[in-house]
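Reader: I have a model open on my screen and would like to learn how to read it. Could you walk me through some features, one at a time?

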Amino acid sequence: MEYKVEAHRIMSISLGKIYNSRVQRGGIKLHKNLLVSLVLRSARQVYLRDYYGGICLSAQQAREWCEGEYMDSEQDKLVPGSTESLPESDGQSEVAVDKQEPSNVVESHAALDVESEASGEQDHAENGVLDSGCSELKTPEESPEASPTCEVSNVVTTISSNCISGPPPSNPKQATETPNGCQTDDGESVEEKLHEPIVPHTCTNRKRSADDSELTDSLPKKTKVMSSTLISKNDEKKAETEEMDTSNVSSLITIFGSSFSGLLSSEDGAQPDSEAEDSDSGQICCDQMLKNLNPWSTAIVAF
Amino acid sequence: MAGVAGGNDFQWCFSQVKGAIDEDVAEADIISTVEFNHSGELLATGDKGGRVVIFQHEQECKNRPNLRGEYNVYSTFQSHEPEFDYLKSLEIEEKINKIRWLPQQNSAHFLLSTNDKTIKLWKIGERDKRAEGYNLKDEDGRLRDPFRITSLRVPVLMPMDLMVEASPRRVFANAHTYHINSISVNSDHQTYLSADDLRINLWHLEITDRSFNIKPANMEELTEVITAAECHPNQCNVFVYSSSKGTIRLCDMRTAALCDSHTKFFEEPEDPSSRSFFSEIISSISDVKFSHSGRYMMTRDYLSVKVWDLNMENRPVETYQVHEYLRSKLCSLYENDCIFDKFECCWNGSDSAIMTGSYNNFFRMFDRNTRKDITLEASRESSKPRATLKPRKVSTGGKRKKDEISVDSLDFNKKILHTAWHPKENVIAVAATNNLYIFQDKIN
């Protein structure tokens with residue numbers, strides 16, 4: 001247990017370092033930030049290993065009942081201003097969204113796919129489908145079978161279904177999502193879905209592509225804001241799981257190679273907030289967020 | 001000269017200290033590189049303010065033959081200025097990352113100095129004569145009225161006060177996207193290499209607008225960065241570069257135009273029992289130096305110094321622990337950023353001893369033959385002329401002996417990152433923040 005505390009502390013410190021590196025004189029140092037990201041990844045692995053130790057057992061059961069169940073929970077979650085905070089759920093909402101950043105969050109084909117999938121069904125079902133996704137956000141190690149996609153779609157779903165209030169979705173498509181109020185995370189259902197790689201391969205990395213941007217808009221701020229750099233990073237990302245290394249570096253390179261514009265609000269790394277109720281880019285509890293972030297997202301979040 | 005360190009028959013004593021005594025250290029005065037030239041006559045230092053100060057070894061005093069001459073300021077100049085990259089909205093620091101001397105070929109001295117982005121070739125020349133008796137201008141430089149000139153005369157060279165001038169001869173710019181961490185002059189005396197995180201460039205000293213990428217940056221697949229690079233001292237086609245993963249690659253430029261594949265790959269298998277969150281950071285190599293003979297190379301990572309035989313790739317032949325007592329403090333060192341400190345290391349002239357820095361203004365020397373090591377401190381307190389340096393010890397166990405210092409009382413702000421050993425004599429230069437200490441062996 002103490003490992004978990006220590007790991008969490010190290011993660012917070014690492015994020016702080018990455019954040020501070022933006023303002024350091026002389027520009028962002030690639031070498032130092034690469035090392036910090038490696039530490040972040042190690043700490044995260046330890047942290048999540050502990051965390052998911054218990055969750056994994058229930059994942060299977062969750063898989064079974066989730067399809068039907070989550071719909072209900074989703075409906076519940078649609079209540080605006082719901083302050084339900086499921087510790088796990090936050091994790092998924094890794095999609096920290098910055099309203100102003102259309103590129104944030106997951107946009108990617110996954111999101112689109114999810115949407116299209118969803119649209120083919122009823123509203124609730126849609127939510128369900130969207131929710132069912134594997135967790136790219138989750139520890140890749142935990143769900144090796146999960147294609148890189150899932151998570152994103154997962155989050156996307158969650159977000160959309162949870163009615164994000166944020167920048168009004170410019171895309172009519174978003175209508176299916178019922179944005180209203182903030183949503184915390186409908187962590188549970190999503191959480192349980194984390195291990196399910198249901199979403200097709202397409203839902204990969206939260207890439208930012210033009211078509212996805214609209215989807216993105218509808219997913220305003222989720223827990224943490226993803227900086228645009230994350231997005232561009234994502235462009236280079238491939239399957240998350242084992243390619244963490246390469247994506248890490250390429251992401252870093254992308255980040256550090258370009259100026260950080262429109263980076264997100266600073267995160268209060270070490271301070272867990274209660275679920276964000278506000279419609280602003282709420283800051284979800286660092287814990288929750290961190291749990292589900294892959295190291296990259298985490299790094300981005302730092303910004 | 002044997003250059004033995006740490007043995008009973010050998011003692012280091014204080015010689016000089018340069019720099020302000022002030023407790024308040026200006027950031028710009030922090031020394032960022034120290035380098036002797038090939039003869040040892042000149043000692044160059046670069047600081048964070050972009051200045052280069054060169055000290056010259058004075059001839060020994062005739063009336064005090066026991067004393068080696070001192071190093072006095074020879075030349076000071078501003079090498080680099082802070083710049084701003086408008087395209088990327090990035091400020092480029094003027095801090096001098098490295099200075100490397102070129103082998104002397106005439107009466108002038110040449111050195112390469114680099115900051116994060118630009119390398120400059122400086123010529124340091126002496127002027128001790130001046131031409132007097134010009135026809136067209138007066139002694140003070142004013143032009144003479146041509147109608148007043150009635151006769152011609154030949155200007156005569158008259159002695160004048162010695163003036164040392166430093167002038168930039170070449171500027172090698174715009175070739176590095178990332179921060180330059182190393183430069184190394186080739187043994188052919190015509191080319192040199194510069195390395196940043198992802199690329200190594202080979203330059204010709206005469207050509208400033210072209211360089212050859214030796215290591216193409218393949219960003220998508222790299223999971224490590226280049227941390228240091230050096231040319232082989234004898235073989236002009238060979239160079240090595242170290243990585244953040246603790247590996248060293250030796251490349252032969254004869255094999256291909258682009259050295260993206262290595263000839264040799266040096267890596268020591270990781271000890272799984274010592275794995276921690278920070279294993280990757282502490283295995284990152286901060287400095288690599290060839291021995292003068294060219295047979296060995298030395299690498300410095302956070303906690304140790306390793307000597308490698310170029311003929312054996314699977315493990316180093318010698319490993320020296322610099323400050324193993326810090327292994328349990330890695331988390332705190334990570335928090336205060338000390339774990340990212342890049343320590344340098346150096347060989348003595350005969351390759352029998354190596355030296356590197358540590359915290360609390362301590363520096364360590366290891367004798368490769370006797371396997372003895374010694375810890376010394378660069379401090380004002382022990383800076384009396386010709387005072388012998390007392391070996392220091394850090395207590396690691398519970399019981400602290402007298403004169404030992406406990407790990408928790410170490411001052412991590414006082415770090416010795418840059419040291420240099422005279423190529424021929426037992427004289428060392430140690431940079432402690434903004435002060436430069438010069439120590440020499442006691443001549444009996």
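Predicted model: local features only at pLDDT ≥ 70, side-chain atom pairs only at ≥ 80, totals over all residues.

**Salt bridges, cysteines, cores and a hairpin**

Reader: How many salt bridges does the structure hold over all chains?

Author: There are 35. To be counted, a side-chain nitrogen of Lys or Arg has to be within 4 Å of a carboxyl oxygen of Asp or Glu.

Reader: Going back to the two partners, how accessible are B:E91 and A:R25?

Author: B:E91 has a relative accessible area of 29%, and A:R25 has one of 36%.

Reader: With which residue does A:K32 form a salt bridge?

Author: A:K32 pairs with B:D337, with 2.8 Å between the closest N and O atoms. A:K32 sits in helix α2 of chain A, while B:D337 sits in the loop between α2 (330-335) and β24 (345-347) of chain B, so this pair joins two chains. B:D337 is partly exposed, at 25% relative accessible area.

Reader: What about a pair with both partners in chain B, such as B:K390 and B:D403?

Author: That salt bridge has its closest N and O atoms 3.5 Å apart. B:K390 is in the loop between β27 (373-377) and β28 (393-395), and B:D403 is in the loop between β28 and β29 (404-406), so the bridge ties together parts of chain B that are 13 residues apart in sequence. B:D403 is partly exposed, with 47% relative accessibility. Salt bridges can also share partners: A:R25, A:K29, B:E91, B:E93 and B:E94 are joined in this way into one network.

Reader: Next, cysteines. How many disulfides are there over all chains?

Author: The count is zero. A disulfide needs two cysteine sulfur atoms within 2.5 Å. B:C231 is in no disulfide, and its nearest cysteine sulfur, that of B:C236, is 9.2 Å away.

Reader: Are these two cysteines buried or exposed?

Author: B:C231 counts as buried, at 4% relative accessibility. B:C236, at 35%, counts as partly exposed.

Reader: I also spotted a glutamate, B:E344. Where does B:E344 lie, and is B:E344 buried or exposed?

Author: B:E344 lies in the loop between α2 and β24 of chain B. It is buried, with a relative accessible area of 7%. Beyond four places in sequence, B:E344 touches several residues, including B:K98, B:D287 and B:R300.

Reader: How many residues does the largest nonpolar core have?

Author: It has 41 residues, and those with the most contacts inside it are B:F278, B:Y302, B:L326, B:Y334 and B:I339. The elements giving two or more residues to this core are α1 and α2 of chain A, along with α1 (279-283) and α2 of chain B. The largest share, 11 residues, comes from α2(A). For one of its members, B:L326, the contacts beyond four places in sequence are B:Y302, B:L303, B:L333, B:Y359, B:V407 and B:F412. Another core, of 18 residues, lies apart and has B:A353, B:L389, B:W421 and B:V430 among its members.

Reader: Last one: how should I read the faces of a strand?

Author: In a regular strand, side chains alternate between the two faces of the sheet. Strand β30 (residues 418-421) of chain B has both faces covered: B:H418 and B:A420 on one side, and B:T419 and B:W421 on the other, are all buried.

Reader: What does β30(B) form with β31(B)?

Author: The two form a hairpin, with five residues between them. They run antiparallel and are joined by four bridges. In β31(B), B:V430 is the bridge partner of B:T419.

Technical notes
Residues numbered from 1 in each chain as written. Chains lettered and ligands numbered in written order. Heavy atoms only, no water. Buried < 20%, exposed > 50% of the residue type's maximum accessible area, 1.4 Å probe, protein only. Contact = heavy atoms within 4.5 Å. Core = buried A, V, L, I, M, F, W, Y, C linked by side-chain atoms within 4.5 Å. Pairing = 2+ DSSP bridges.
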